[in-house]
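Please open the structure in your viewer and keep the sequence beside it.

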Amino acid sequence: MNNLADALNKRLEEVAANYIRKQQGKASWSLASRLITINPDKLTDKDGKTYGLFDGHRFCEPGVTNLKDPSVWFFGTFSHDSLQKREGSTAKRLAAPEILTQTFHPRTAGFKAIKRVIQESLQKNRPAEH
């Protein structure tokens, strides 16, 4: 599964790079590229070291024995979290298609991490114009 995700991310980066190359020189792209790509599996820290945003936060990580562990940022396959959805004070059982769409997707902590990376990338690549 990771190889499939890596192949998809690589292809998306290629498509984005080709699109940017074709757009360069057009008036609407004169200030800066209007497309920024972020691969969450290949981020770089201040020291130039590469890391993955979700490293240590997947339910398949060594040592993870409980899907309710707060360090796990993803819904598991048919975990208790993915079987019920809260509506007000009552929990309702999700239908099979809803369960499948939640499986392997980030929980709130994962989305917060994604948001932070996007904001940092925008600040770095698109500084405010004065």
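Is Asn 39 buried or exposed? Asn 39 is buried, because its relative accessible area is 11%; buried means under 20% relative accessible area, exposed means over 50%, and partly exposed lies in between (1.4 Å probe, protein chains only).

Before continuing, please note that this is a predicted model, in which local features need pLDDT of at least 70 and side-chain atom pairs count only at pLDDT 80 or more, while totals for chains, interfaces and linings use all residues. Residues are numbered from 1 along each chain as its sequence is written, and side-chain values use heavy atoms, with hydrogens and water left out.

**The whole chain**

Colour the protein chain by secondary structure. Four helices and four strands make up its secondary structure, and from the N terminus on the elements run α-β-β-α-β-β-α-α. Helices (H or I, at least four residues) and strands (E, at least two) are DSSP runs, numbered from the N terminus. Of the 130 residues in the protein chain, 22% count as buried. Among contacts (heavy atoms within 4.5 Å) between residues at least 6 apart in sequence, 40% join residues at least 24 apart.

**Stop one: Asn 39**

Select Asn 39, in the loop between α1 (2–23) and β1 (43–44). Leaving aside neighbours within four places in sequence, Asn 39 is in contact with Asn 9 and Glu 13. Its side chain makes a polar contact with the side chain of Glu 13 at 2.9 Å and another with the side chain of Asn 9 at 3.5 Å. A polar contact is a pair of N or O atoms within 3.5 Å; within protein, one must be able to donate a hydrogen and the other to accept it, and residues adjacent in sequence count only if both atoms are side-chain atoms.

**Stop two: the aromatic rings**

Next, select Phe 54, Trp 73 and Phe 74, which ring pairs link into a cluster. Rings of Phe, Tyr and Trp (its six-membered ring) pair if their centres lie within 6.5 Å; planes under 30 degrees apart count as stacked, over 60 as edge-to-face and the rest as tilted. By this rule there are two aromatic pairs. The ring centres of Phe 54 and Trp 73 are 6.3 Å apart and their planes stand at 90°, so this pair is edge-to-face. Phe 54 lies in the loop between β2 (50–51) and α2 (80–83), as does Trp 73, so the pair ties together parts that are 19 residues apart in sequence. Both Phe 54 and Trp 73 are buried. Phe 54 also forms an edge-to-face pair with Phe 74, at 5.0 Å centre to centre and with 75° between the planes. Both Phe 54 and Phe 74 are buried.

Now extend the selection to the largest nonpolar core. Which seven residues does it have? They are Leu 43, Leu 53, Phe 54, Trp 73, Phe 74, Ala 113 and Val 117. A nonpolar core is a set of buried Ala, Val, Leu, Ile, Met, Phe, Trp, Tyr and Cys residues joined through side-chain atoms within 4.5 Å. In soluble globular proteins, nonpolar side chains tend to be buried together.

**Stop three: His 105**

Select His 105, in the loop between α3 (96–102) and α4 (108–125). At 42% relative accessibility, His 105 counts as partly exposed. Not counting residues up to four places away in sequence, His 105 touches Trp 73, Phe 74 and Phe 75. The C-alpha atoms of His 105 and Phe 74 are separated by 5.5 Å, although these residues are 31 apart along the chain.

**Stop four: the salt bridges**

Finally, select Arg 58 and Asp 41. They form a salt bridge, with the closest N and O atoms 3.2 Å apart; the term denotes a side-chain nitrogen of Lys or Arg within 4 Å of a carboxyl oxygen of Asp or Glu. Arg 58 lies in the loop between β2 and α2 and Asp 41 in the loop between α1 and β1, so the pair ties together parts that are 17 residues apart in sequence. Arg 58 meets Asp 55 in a salt bridge as well (3.6 Å, N to O). The count for the structure comes to five salt bridges.

Being four residues apart in helix α4, Glu 120 and Arg 116 are separated by about one helical turn. Arg 116 counts as partly exposed at 36% relative accessibility.
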